[in-house]
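Hi,

Here is the structure I promised to pass on. Have a look at it first, and then read my notes below.

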Amino acid sequence: MLNKIYDWVDERLDITPMWRDIADHEVPEHVNPAHHFSAFVYCFGGLTFFVTVIQILSGMFLTMYYVPDIKNAWESVFYLQNQVAFGQIVRGMHHWGASLVLVMMFLHTLRVFFQGAYKKPRELNWIVGVLIFFVMLGLGFTGYLLPWDMKALFATKVGLQIAEATPFIGSYVKILLSGHETIVGAQTLTRFFAIHVFFLPGVLFGLMAAHFVMIRRQGISGPL
Amino acid sequence: MHKGKGMKFVGDSRVVAPEARKPMLPKDYSEYPGKTEAFWPNFLLKEWMVGAVFLVGFLCLTVAHPAPLERIADPTDTGYIPLPDWYFLFLYQLLKYTYASGPYTVIGAMIIPGLAFGGLLLAPFLDNGPERRASKRPIATGAMLLALAATVFLTWQSVATHDWAAAERQGKIVEKVDIDKTAEGYQIAKDNTCLTCHGENLQGGAGAPTLIGTGLKPEEIAKIAKEGKGGKMPPGIFKGDDEQLKKLSEFISGLGAK
């Protein structure tokens with residue numbers, strides 16, 4: 001039955017090559033911790049992806065309660081944290097996941113760097129990976145403001161001052177992010193929310209797709 | 001790939017008809033060196049187990065340490081000492097040094113991080129030799145180790161110099177209490193500069209704890225007002241007479257008391 005459905009779809013869409021790229025391929029010995037325990041360093045990339053999936057899922061649940069305006073943002077987070085069943089867990093996962101994703105990505109970057117795995121022919125994939133790193137830092141920065149508590153507001157003020165220090169375009173960057181020359185307020189919160197929830201995840205998905213397509217295309221780098 | 005005349009397609013789509021497809025069988029496992037393993041389902045199952053263990057640890061962390069939430073943002077509180085999330089601390093600390101701040105902010109905020117991250121982005125082109133082993137390309141390895149050491153050092157410096165006790169005090173969520181600002185006790189507190197540190201609503205700040213719900217008796221408060229406490233609150237702040245002191249301490253003792 002399942003085979004028949006597969007054949008029916010395959011005749012029309014020729015999905016076998018896709019299936020082969022996603023699932024039906026070889027895992028070389030040197031990346032398999034079952035054969036060489038030191039190969040656990042190859043897990044960091046996968047764990048980064050795993051935590052990213054957790055971030056996406058927990059973030060989707062958070063937006064069910066979160067209200068991005070300065071009157072209700074803090075109240076909604078407080079309510080979620082203290083009243084909603086498992087709200088503390090979901091918010092905790094998103095909060096700690098943000099740190100974990102950076103830790104895992106950092107370890108993954110170090111693995112790739114010290115193994116020289118970014119060398120020809122994998123230069124493009126390294127660049128995409130570093131861009132993912134920047135997007136993640138951007139997600140961390142914009143997400144920090146959203147609870148609208150004291151540390152969020154003042155850390156964002158510092159962050160915007162740093163952005164303002166950019167030569168020539170600094171003040172424009174700041175206005176683009178905060179919505180006003182001097183005030184960090186209602187506009188800033190909605191902008192950061194939009195950037196955190198729509199703009200950066202959109203960029204992130206594109207970059208991650210490119211990252212994975214290139215891995216499947218080139219295969220994992222050989223042993224040292 | 002076979003192109004042009006004679007190609008068979010599925011209907012009018014661009015997908016090649018099944019009988020004309022080349023077999024897309026994967027290479028036989030024996031053609032790979034070493035002990036390879038099929039990704040699906042063998043290796044994926046192992047990955048799944050690693051993920052499950054990781055998830056359990058992650059959830060334990062979440063349960064043991066709930067995500068922090070400070071009091072609602074108050075832009076008028078100018079005494080607040082800001083602190084970014086830990087992964088930006090290295091940059092935050094860098095900007096505290098003389099030649100990376102003030103008139104030199106461009107160096108600390110743009111040039112140094114720009115060089116570091118630019119170097120990271122362009123690493124494959126800066127380190128373009130054929131050698132992969134870290135020991136065979138000492139410049140790249142050395143630069144990365146240096147950057148790592150600098151990042152760890154800056155983060156550690158930032159953590160070590162931050163006043164964590166003040167940070168906890170200044171961000172604490174204080175139960176909202178209606179304070180009678182016309183009360184005599186409030187006026188006395190204002191006249192004796194209590195509010196300068198403890199806040200207009202006695203909610204506390206970076207330098208001083210909240211005075212709401214202290215749980216102290218009036219006599220204890222009177223003693224602190226006169227003699228100070230813990231080095232932070234200096235003695236002799238209170239300058240009024242005994243009757244005012246009594247009113248003040250009764251007022252503060254009554255705040256948020258149940």
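Let me start with helix 8 of chain A, whose buried residues pack against helix 7 and helix 9 (186-218) of chain A. Keep in mind throughout that this is a predicted model.

So which residues of helix 8 are the buried ones? Helix 8 of chain A runs over residues 170-178, and K174(A), L177(A) and S178(A) are buried in it. They cover an arc of only 80 degrees around the axis, which puts them on the same side of helix 8 of chain A. The face turned away from that buried side carries Y172(A) and L176(A), which are exposed. Just after helix 8 of chain A comes G179(A), with a positive phi of about 80 degrees.

Next, the contact between the two chains. Chain A puts 63 residues into it and chain B 58 residues. On the side of chain A that touches chain B, at least two residues each come from helix 1 (2-13), helix 2 (16-22), strand 1 (26-27), helix 3 (43-62), helix 4 (73-82), helix 5 (87-114), helix 6 (123-145) and helix 7 (150-164). Which of these gives the most? Helix 5 of chain A does, with 11 residues.

Strand 1 of chain A and strand 1 of chain B (residues 37-38) run antiparallel and are joined by 2 bridges. If you want to find the spot, look for E26(A), which stands opposite A38(B) in strand 1 of chain B.

Finally, I checked the UniProt annotations against the model. The record, an unreviewed entry, gives "transmembrane region" for residues 39-67, 96-114, 126-146 and 193-215 of chain A. I looked at two of those stretches:

- Residues 39-67 of chain A are 69% helix and 0% strand, with the end C-alpha atoms 44 Å apart.
- Residues 96-114 of chain A are 100% helix and 0% strand, with 27 Å between the end C-alpha atoms.

UniProt (again an unreviewed entry) also places "domain: Cytochrome b/b6 N-terminal region profile" at residues 5-224 of chain A. Over residues 5-224 the chain is 70% helix and 1% strand in the model, and its end C-alpha atoms are 43 Å apart.

That's all from me for now.

Cheers

Definitions and conventions
Residues are numbered from 1 along each chain as its sequence is written. Chains are lettered from A and ligands numbered from 1 in the order in which they are written. This is a predicted model: local features need pLDDT of at least 70, side-chain atom pairs count only at pLDDT 80 or more; totals for chains, interfaces and linings use all residues. Two residues are in contact if their C-beta atoms, placed from the backbone, lie within 7 Å. Helices (H or I, at least four residues) and strands (E, at least two) are DSSP runs, numbered from the N terminus. Two strands pair if DSSP finds at least two bridges between them. A residue is buried if 20 or more other C-beta atoms lie within 10 Å of its own, exposed if 12 or fewer, and partly exposed in between; C-beta atoms are placed from the backbone. The arc is that of the directions from the helix axis to the C-beta atoms. UniProt positions are given in the numbering used here, feature names are shortened, and annotations may be inferred rather than shown by experiment.
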